[in-house]
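Please examine the structure below before reading on.

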Amino acid sequence: MNMKIMKWMAVLLALVMAASVAQARQRNVPMLMPERVEMKYMNGQAPSLELIRKAILIGCQPYGWVVEQDNPGQMQISYSKQGKHRAVLNITYDATGYLLRYVSSEELYYEQLDGAAPTIHPTYNMWVRNLLARIMIPGEVVPGSAVKAD
């Protein structure tokens, strides 16, 4: 076989393989849409609105979430990875708990087709799970589901 043809075939094969690897990395998954998290003291009492707000602020810090808006009962936070990938969440809260909701993203391939559940890059779900885990402050406030009912 002609050397030029073999080189072109090798280049073409390499491009096809690179494209398939890139696409595999970007495969969307169902977007995590967490339920409302109920928060209580270990004795079952509800914390204050300010304590829930503080738990959210402290939970945002370890992973680098930034508070963009902070109003009573509502925050908007964002996370940016290397200035390329970005997610924005809305958090509504009261003295009994909080709820996280997706607002927007960049380079996370968010998609919602007609009537289907939204999908997004799996990294987004990891970021949200990490945030949820950090907002729950052991020893002070725990999720209501972790408090034994009488």
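In this predicted model, ring pairs join W65, Y79 and W127 into a cluster. The count of aromatic pairs comes to 4. Two of these pairs are set out in the table. A pair of aromatic rings is described by the distance of the centres and the angle of the planes.

| Pair | Arrangement | Centre to centre | Angle between planes |
|---|---|---|---|
| W65 and Y79 | tilted | 5.5 Å | 40° |
| Y102 and Y124 | edge-to-face | 5.7 Å | 80° |

W65 is located in the loop between α2 (49–60) and β3 (66–71), while Y79 belongs to strand β4 (residues 74–81), so their pair ties together parts that are 14 residues apart in sequence. Both W65 and Y79 are buried.

The pair of Y102 and Y124 connects strand β6 with helix α3 (residues 122–135): Y102 lies in the strand and Y124 in the helix, so the pair ties together parts that are 22 residues apart in sequence. Y124 has a relative accessible area of 2% and is therefore buried, the cut-off being under 20%.

Strand β6 (residues 97–106) is also joined to strand β2 by 2 bridges, and the two strands run antiparallel. Within this pairing, E38 stands opposite G97 of β6.

Methods
Residues numbered from 1 in each chain as written. Predicted model: local features only at pLDDT ≥ 70, side-chain atom pairs only at ≥ 80, totals over all residues. Heavy atoms only, no water. Pairing = 2+ DSSP bridges. Helix = DSSP H or I, 4+ residues; strand = E, 2+ residues; numbered from the N terminus. Phe/Tyr/Trp six-rings, centres within 6.5 Å; stacked < 30°, edge-to-face > 60°. Buried < 20%, exposed > 50% of the residue type's maximum accessible area, 1.4 Å probe, protein only.
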